[in-house]
Amino acid sequence: MAKQRQTEPKGLETIMGAARREGARGLPPVHLWNPPDCGDIDMRIAADGTWFYQKTPIGRAALVKLFASVLKREADKYFLVTPVEKCGITVDDAPFLAVELEVEEAAGGRVLHFRTNVDEWVACGPDHALRFDPESETGGLKPYLHVRRNLWAKVTRALFYDLVEFGEERDVAGERLFGIVSGGAFFAMAPADSLRDLR
């Protein structure tokens with residue numbers, strides 16, 4: 001246990017240094033890095049998007065953005081990675097939140113642009129899908145936006161209601177579905193009948 005405590009700060013320093021170096025050229029190519037696993041560190045991303053280190057919230061937005069830039073997901077596990085090491089962290093729900101929505105009415109149709117809680121803008125479309133998962137506690141839906149490389153942002157409740165306003169019904173494989181169109185793609189939310197009370 002004592003050994004783990006001693007190595008954690010060194011791991012974080014390495015990660016921060018690599019993120020700063022690689023970040024000068026844009027998002028680091030973490031999908032190309034496959035370093036050895038150095039074990040887990042006491043870092044957690046809460047469901048509300050707050051990052052914690054050793055159970056203390058990380059208050060500096062710039063530091064959170066730095067860590068977010070080197071976040072990688074492998075199967076159901078999340079890591080902070082550099083070219084030479086990776087450290088596992090805990091993510092309660094999704095690593096990001098979609099907190100702002102801008103609507104572009106383009107020649108090819110509507111495009112929904114989302115800003116995440118780490119100030120990354122994502123244009124929803126075929127490469128950045130929306131998905132809607134059942135929420136067992138409430139019987140409702142939890143919306144998510146694909147950000148990059150199997151990393152998703154949970155769409156805030158306020159934006160979810162905005163999405164419903166832009167929704168439309170379509171017939172898909174013989175079923176009438178309610179969903180969202182963005183970037184030329186249709187993202188089914190649920191059977192149309194089940195959502196009529198939200199509109």
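How many salt bridges does a search of the whole structure find?

1. The search finds 18 salt bridges, a salt bridge being a side-chain nitrogen of Lys or Arg within 4 Å of a carboxyl oxygen of Asp or Glu. The model is predicted: local features need pLDDT of at least 70, side-chain atom pairs count only at pLDDT 80 or more, and totals for chains, interfaces and linings use all residues. Residues are numbered from 1 along each chain as its sequence is written, and side-chain values use heavy atoms, with hydrogens and water left out.

2. One of these salt bridges joins aspartate 119 to lysine 65, with the closest N and O atoms 2.8 Å apart. Aspartate 119 lies in the loop between strands E8 (109–116) and E9 (121–123) and lysine 65 in helix H2 (residues 61–69), so the pair ties together parts 54 residues apart in sequence. Helices (H or I, at least four residues) and strands (E, at least two) are DSSP runs, numbered from the N terminus.

3. Aspartate 119 is partly exposed at 42% relative accessible area, and lysine 65 is likewise partly exposed, at 35%. Buried means under 20%, exposed over 50%, and partly exposed in between (1.4 Å probe, protein chains only). Lys65 and Asp119 also belong to a network of salt bridges with Glu100 and Arg115.

4. A further salt bridge links aspartate 171 and arginine 176, at 3.2 Å between the closest N and O atoms. Aspartate 171 is exposed, at 57%, whereas arginine 176 is partly exposed, at 40%.

5. An open sheet has three strands in the order E13-E14-E15, with antiparallel pairing; two strands pair if DSSP finds at least two bridges between them. Strands E13 (168–172) and E15 (185–191) stand at the edges with a single partner strand each, so one side of each lacks a neighbour in the sheet.
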